[in-house]
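This report describes one protein model from its overall architecture down to single side chains. Please have the sequence and the coordinates open while reading.

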Amino acid sequence: MLFTCLLLVELSLEAVESQVAGIVQWVRFGAELISILIITIGIVVTAYAGIRLFIAGSHKTFNEIRFTFSRYLVMALEFELAADIIGTAISPTWDQLGKLAVIAIIRTFLNYFLGMEMKEEKKELIEKSTGAR
């Protein structure tokens, strides 16, 4: 009787874990989809600004356009990192954790350097706007 009860508890825990793992995969997919949408929107916005700059001689500079696109990339990287973390939330293996660590390091460095570049470009844009007045 005790063995049967323990077996039923273990089976129900496996069923719950399976359900949670399915939900986690959907959440991960959602985060990756949001990242793709952010990048797509960034491409459209940047392409539109670039075309306006090229055709109409818009007042925006190339650095302003790059700055705009960089903001989209940084946000997308955050969602991608979140998706990777979520993906290893349920019973991660050492292999998965190692891959996550490498991915997290790479994406953190990308984020850091994009952030630094954005700060530098923002500083240049502010200097140009105050110098032009």
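## Conventions

A residue is called buried under 20% relative accessible area, exposed over 50%, and partly exposed in between, with a 1.4 Å probe and protein chains only. The model is predicted, so that local features need pLDDT of at least 70 and side-chain atom pairs count only at pLDDT 80 or more, while totals for chains, interfaces and linings use all residues. Residues are numbered from 1 along each chain as its sequence is written, and side-chain values use heavy atoms, with hydrogens and water left out.

## Overall architecture

The protein chain holds three helices and zero strands, where helices (H or I, at least four residues) and strands (E, at least two) are DSSP runs numbered from the N terminus. Along the sequence this gives the pattern α-α-α. Of the 133 residues, 21% count as buried, and the accessible surface of the chain is about 9,700 Å², with 73% of that area belonging to carbon and sulfur atoms; accessible areas come from the Shrake-Rupley method with a 1.4 Å probe, and for residues only the protein chains shown count as cover.

Contact means heavy atoms within 4.5 Å. Among the contacts between residues at least 6 apart in sequence, 77% join residues at least 24 apart.

## Helix 2 and its buried residues

Helix 2 has 26 residues and reaches 37 Å from its first C-alpha to its last, close to the 38 Å expected at 1.5 Å a residue, the expected span being 1.5 Å times one less than the number of residues. Its buried residues include I65, F67, V74, L77 and L81, and also E80 and D84.

S70 is found in helix 2 and is buried, with a relative accessible area of 6%. When neighbours within four places in sequence are left aside, S70 is in contact with L114 and M118.

## Salt bridges

How many salt bridges does a search of the whole structure find? The search finds four, a salt bridge being a side-chain nitrogen of Lys or Arg within 4 Å of a carboxyl oxygen of Asp or Glu. R66 and E117 form one of them, with their closest N and O atoms 2.1 Å apart. Because R66 lies in helix 2 (residues 62–87) and E117 in helix 3 (residues 94–132), this pair ties together parts that are 51 residues apart in sequence. Both partners are partly exposed, R66 with a relative accessible area of 32% and E117 with 28%.

R28 forms a salt bridge with E32, the closest N and O atoms being 3.4 Å apart; the two residues are four apart in helix 1, and are therefore separated by about one helical turn. R28 counts as partly exposed at 24% relative accessibility, and E32 also counts as partly exposed at 24%. R28, E32 and D84 are linked in a network of salt bridges. In helix 3, K99 pairs with D95, with closest N and O atoms 3.4 Å apart, and these residues too are four apart, about one turn of the helix. An α-helix has 3.6 residues a turn, so residues three or four places apart point the same way.

## A nonpolar surface patch

W26, F29, L33, L37, I41 and V45 make a nonpolar surface patch of about 610 Å². Patches are made of residues with over 30% relative accessible area and no salt bridge, like charges being joined within 9 Å and nonpolar side chains (Val, Leu, Ile, Met, Phe, Trp, Tyr) within 5 Å. W26 is placed in helix 1 (residues 2–56) and counts as exposed because its relative accessibility is 63%.
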